[in-house]
Amino acid sequence: MSLLQGERESDEVDVVIVGGGPSGLSAAIKLKQLANEAGNEDFRVVLLEKAGDMGAHIVSGAVIEPSALNELIPNWNDPENPDRFESITEVTSDKMRFLTKGSAIPIPGPPQMQNHGNYIISLNEMVKWLAERAEELGVEIYPGFAASEVLYEPGTKAVRGVATNDLGIARDGTPKASFERGMEFHARVTLFAEGCHGSLTKQLVKKFDLRSNSQPQTYGLGIKEVWEIKPENFVKGQVSHTLGWPLPTDTYGGSWMYHFGENKVSLGLVVGLDYPNPYLSPYQEFQRMKHHPFFSSVLEGGKCISYGARALNEGGFQSIPKLVFPGGALIGDTAGFLNVPKIKGIHTSMKSGMLAAESTFAALNDAKDKGVVMLYNYEESLKDSSIWKELKEVRNMRPSFHTPLKLFGGILYSGLEAYVLKGRAPWTLKHPKMDHEATKTADQCKKIEYPKPDGVLSFDILTSVSRTGTNHEEDQPVHLKVEDWDAHAEKEWPRFKGVENRFCPAGVYEYIEDDTKKAGVRFQINAQNCIHCKTCDIKAPSQDINWTTPQGGEGPKYFQT
């Protein structure tokens, strides 16, 4: 038997959680709270996180609505709690602007975007803090363990846990001297909290047909920077959002700018990945955006200290899949609980993890035998929860931007929903197509010429990637799976003229002139640049790029994102 097929070590636990973001950690904390209160301190909860450090792969705006956090850890912000989460800035004001190329026009924000009582945070920092609270309760947390395979009970379809990927494999697929076989974690219940467009979640959706009664998921790409700015430009707690420029009217998206901490600003741009023009580059649109006076007046004299990017779910209520299957469930953003008009998903992700934990603990306690566990109560409790209510209420806003009136039609209809209908409309609008299907061929679109970065407000992509701390060992199999690079170039280059290079916010994909190739170009994947945003897996027009987990512990090491 070859080393690659050798037996793996295994560990039997009660619950395995895949992913150390807000939903996974909330589920872990809730499970151990319930177990400890019941006197069952030996109840084992294992959480696997592919990042080398907790929070290192986390990117968000972020303004948090604290409802779920208040419920999970009531004294999280108590001045008398020595372990309170201190890295918060209370929101003091809201701004909503419609941008043209040179002006910022005040417009009313929908009620969902009012942030009184909310806090600006770095989600990267909050995840680290949540992990500390989880470990205090007895959760076993393993950062640097990338779950790469779903395990099933022999002879049944029931999930029995996951396996981490092998380490020490060379680029050609052969084991190196440093080779280590992955490890199996077996559990009665496995909760998948992988975040948006999880690689194992994709497999589960297909195997259990979890989307049979839901619409396809749609996505956005969020690109973020953190700046240190001059004190005279800092307005602590100010939250701003914009619509309009620099994006064209057939492209959904908007920006944020949050003043937090001491003289720090979080700013970013979200671009709906159903944009039609293959020449559009979300990264370049963001860099161009910062030269608008609305942003440049704040950033002038400041310094960019961090960069990150991540895909996010935009499908909303009608895109929530079936959440349970034999032996497990989907929680958090991998299921798609982001409230798009509210621009918030941390509280819904955390709440879903808590509900799944309650259902899991009850199901394991009620089970009279070691048979397959089905978390039916999780779906039922979700439908009775605040998550379901708030997502159903805003379900028609995002798809309303697909009308012939485009941006302006969406703004008008969303206003009607926010102030008059409030989710009571007897109809549910549909997402017309999947994001990759929305991409037009290059000959149907106008080429976009972007200005060169000035190195002060705007930056080239490799400079930005350098701020992520991204690292992958080069001598390993490429984790961005394209079956035949030459065939990909021959099919995609004539039609889309390098769309992969433009949708990727990390410079992973290139087309290089090469007269020896049939298409006149060579397709190149710079996998070491990958910041794990998943955009390629979503937007590639032929859906022939498959994002998989690289070696555990690799990827970005985000800071204050």
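Predicted model: local features only at pLDDT ≥ 70, side-chain atom pairs only at ≥ 80, totals over all residues.
Start inside. The largest nonpolar core has 80 residues. Among them, I17, I121, M126, L191, F192 and Y378 touch the most other members. Helix 7 (residues 346–366) gives the most to this core, with 9 residues. M126 shows how the packing is built. Beyond its neighbours within four places in sequence, M126 is in contact with I64, L69, F85, I121, I346 and M350. Another core lies apart, with 59 residues, including L247, L280, V482 and F523.

Helix 5 (residues 282–289) is largely enclosed by the rest of the structure, because 6 of its 8 residues are buried. These are P282, Y283, E285, F286, Q287 and M289.

Now the charges. The whole structure holds 27 salt bridges. One joins K30 and E358 at 3.9 Å, N to O. K30 sits in helix 1 (residues 22–37) and E358 in helix 7, 328 residues apart. K30 is buried at 14% relative accessibility, while E358 is partly exposed at 31%.

K202 and D537 form another salt bridge, at 2.6 Å, N to O. K202 belongs to helix 4 and D537 to helix 14, so the pair ties together parts 335 residues apart in sequence. D537 is buried, at 5%; K202 is partly exposed, at 24%.

E225 and K290 also meet in a salt bridge, at 2.8 Å. E225 is buried at 0% relative accessibility, and K290 is buried at 0% too. Salt bridges with shared partners also join R8, E149 and E184 into one network.

L416, Y419 and V420 make a nonpolar patch of about 280 Å². V420 lies in helix 10 (residues 406–421) and is partly exposed, at 48%.

How values were computed. Residues numbered from 1 in each chain as written. Heavy atoms only, no water. Patch = residues over 30% accessible without salt bridge, like charges linked within 9 Å, V, L, I, M, F, W, Y side chains within 5 Å. Areas by Shrake-Rupley, 256 points an atom, 1.4 Å probe, with all protein chains shown as cover. Salt bridge = Lys/Arg side-chain N within 4 Å of Asp/Glu carboxyl O. Helix = DSSP H or I, 4+ residues; strand = E, 2+ residues; numbered from the N terminus. Buried < 20%, exposed > 50% of the residue type's maximum accessible area, 1.4 Å probe, protein only. Core = buried A, V, L, I, M, F, W, Y, C linked by side-chain atoms within 4.5 Å. Contact = heavy atoms within 4.5 Å.
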